[in-house]
Each structure stands twice: as structure tokens, then as C-alpha cells.
Amino acid sequence: DCRDLLVRLLERDPEQRITFEEFFTHPFVDLDHMPTAESLEQATLLVVEAVKKDQLKDHASALSHYCKSLEYFIPALHYETDARRKEAIRSKVNQYISRAEELKVLVALSNEASLAQAKSARDCLKEMSKDKPRLFVALEMASAAVEQEEKGGDSGDTLELYQQSLGELLLVLAAEPQGKRRELLHAEIKSIMKRAEGMKEQLKIRESLNEVVSVEGDALSESVRSTCSLQ
């Protein structure tokens with residue numbers, strides 16, 4: 001996102017350069033998650049919804065809402081100045097991260113049957129795509145991404161591979177005539193999109209955890225400086 005923003009800012013052609021409105025809505029700028037007085041309120045609304053989904057056993061939706069809430073809890077931690085309130089928020093954040101990790105496992109387990117079915121459909125689609133080199137290569141790319149994910153490979157690299165395969169598959173789908181192959185291709189795209197979204201959620205959880213560690217480190221450093229400073 002950072003590289004994309006810089007490239008678009010440095011574009012020589014004014015017609016191609018990023019506009020004022022596009023700049024402030026760019027994902028890297030992300031004004032929605034800047035630390036403000038409303039950060040905690042937004043986080044609370046999302047986590048309440050996460051708990052509701054969790055109670056209804058809608059694990060995938062609950063995981064998504066927990067992750068979204070963490071995107072607001074972290075700025076709330078930075079914004080909060082009261083030590084007790086900050087510690088209370090930090091404690092809750094750690095609880096939500098733990099629950100999100102548990103939900104991630106539950107979602108993965110619930111997807112095992114559908115993943116096996118998707119693999120079978122993908123193999124069938126490959127057999128039907130030998131006369132379409134571009135489609136076949138895109139399917140091979142998707143298979144490589146799935147294999148990399150199941151082996152526990154780097155999440156960022158795996159997500160990029162999913163996105164590349166999706167880009168190709170969507171282009172092929174647009175030109176594919178009605179028929180069994182189009183139906184299988186459409187189902188395959190939906191399956192890969194679901195897996196890619198799952199990878200995004202995992203990355204968000206990891207980033208949120210790193211943010212919490214960073215905030216705790218800053219707080220500890222501040223405490224040490226205060227304790228060790230000359231009175």
C-alpha cells in the first residue's frame with residue numbers, strides 16, 4: 001500500500017496522478033483508524049457484535065468482527081492517557097486476541113470438508129482446462145497457494161499468490177461462455193476468495209498482536225524512564 005501510494009503521488013502525468021479525494025481514502029493513509037476519542041466507542045460496538053456472532057456459533061463472522069474491533073482498540077490504547085483505563089483496555093485486547101486465535105482454529109476445522117470438496121472440483125476443472133493455457137496456469141497458481149497455506153508458509157506470500165491467481169481467474173471468467181466449466185470456475189473463484197479473506201484475517205490478528213506488544217513496550221519504557229529518572 002505504501003509503495004502504491006508513493007508511485008501514484010510521484011506520477012508525472014497530472015491526469016494519472018492520485019487525486020486529493022483518492023489520497024485521503026487510500027488504504028495506507030487509513031484515517032478511519034487514527035487514534036481519536038471515538039476509537040474506543042467504535043471498537044466496543046464491533047466487539048459487542050463479535051460476541052453476539054460468537055454466541056450464535058457463527059465463528060467466521062465472529063472472527064472477522066474481533067479483528068475489525070482490534071483495528072480500533074489499538075488506536076484507543078495510544079489515545080488513552082489514564083493508566084488504569086489503559087491497562088483495562090490492554091487486558092481486554094489480549095482476551096480478544098486469544099479468542100480470535102481460538103476462533104481461527106475452529107474456522108479452519110469447520111472448513112476441512114469444504115476444502116476437500118474444493119480440491120476435487122479444482123482437479124476436475126484442471127482436466128477441463130487443458131485447452132485453455134491461461135486458465136490452467138491460474139489454477140496451478142491457486143493450487144500452489146493452497147499447498148503453501150496448508151504447509152504453514154509465509155502468510156504475506158501466500159496471500160499475494162491467491163490475489164495473483166484471482167486476478168487471472170476473474171479475467172478468464174469474464175470471457176468464459178455458459179456451461180459446466182464456467183460453473184466450476186465460478187465456484188473455484190468463490191473458494192479462493194474465501195481462503196484469501198481468511199489469510200487477511202490472520203495477518204490482521206498478527207499485526208494487532210504486534211501492535212499490542214509495541215504499545216506495552218512503550219508503556220514499559222516510559223515506566224522505566226520515570227522510575228530511573230533523578231528526583
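Me: Where does Leu-9 lie, and what does Leu-9 touch?

Reply: You'll find Leu-9 in helix H1, which covers residues 2–9. Leaving out residues up to four places away in sequence, Leu-9 touches Arg-17, Ile-18 and Phe-23. Thr-19 is 10 residues from Leu-9 in sequence, and their C-alpha atoms are 8.7 Å apart in space.

Me: OK, zooming out: how many helices and strands are there in the chain?

Reply: Nine helices and zero strands. Reading from the N terminus, the elements go α-α-α-α-α-α-α-α-α. Of the chain's 231 residues, 32% count as buried. As for contacts between residues at least 6 apart in sequence, 62% of them join residues at least 24 apart.

Me: How do I read the packing of two helices, say H3 and H5?

Reply: Two packed helices are described by the angle between their axes and the distance between those axes. Here H3 and helix H5 (residues 83–110) pack at about 35°, and their axes are 12 Å apart. The crossing of H3 past H5 is left-handed.

Me: Which residues of H3 and H5 meet?

Reply: From H3 you get Leu-40, Val-47 and Asp-54; from H5, Arg-85, Ile-89, Tyr-96, Arg-99 and Leu-103. Sorted by class, that contact has five nonpolar residues, three charged ones and no polar ones. As background, an α-helix has 3.6 residues a turn, so residues three or four places apart point the same way.

Me: And H4: how many residues does H4 have, and what span does H4 reach?

Reply: Helix H4 (residues 59–79) has 21 residues and reaches 30 Å from its first C-alpha to its last, close to the 30 Å expected at 1.5 Å a residue. Burial is worth a look too: 15 of the 21 residues of H4 are buried, so H4 is largely enclosed by the rest of the structure.

Me: Last one: which elements have the lowest and the highest mean pLDDT?

Reply: The general idea is that where pLDDT is low, the predicted coordinates should not be read in detail. Helix H9 (residues 180–228) has the lowest mean, 66, while helix H3 (residues 39–55) has the highest, 91. Over residues 219–231 the pLDDT is below 50, and beyond near neighbours in sequence this stretch has two contacts in the model. For the chain, the average pLDDT is 78, with 79% of residues scoring at least 70.

Note on methods. Residues are numbered from 1 along each chain as its sequence is written. This is a predicted model: local features need pLDDT of at least 70, side-chain atom pairs count only at pLDDT 80 or more; totals for chains, interfaces and linings use all residues. Side-chain values use heavy atoms; hydrogens and water are left out. pLDDT is the predictor's confidence in each residue, from 0 to 100. Helices (H or I, at least four residues) and strands (E, at least two) are DSSP runs, numbered from the N terminus. Contact means heavy atoms within 4.5 Å. Axes are lines fitted to C-alpha atoms, for helices over the stretch in contact, and angles run from 0 to 180 degrees between N-to-C directions. A crossing is left-handed if the near helix is turned anticlockwise from the far one by less than a right angle, and right-handed if clockwise. Ala, Val, Leu, Ile, Met, Phe, Trp, Tyr, Cys and Pro count as nonpolar, Asp, Glu, Lys and Arg as charged, and the others, Gly among them, as polar. The expected span of a helix is 1.5 Å times one less than its number of residues. Buried means under 20% relative accessible area, exposed over 50%, partly exposed in between (1.4 Å probe, protein chains only).
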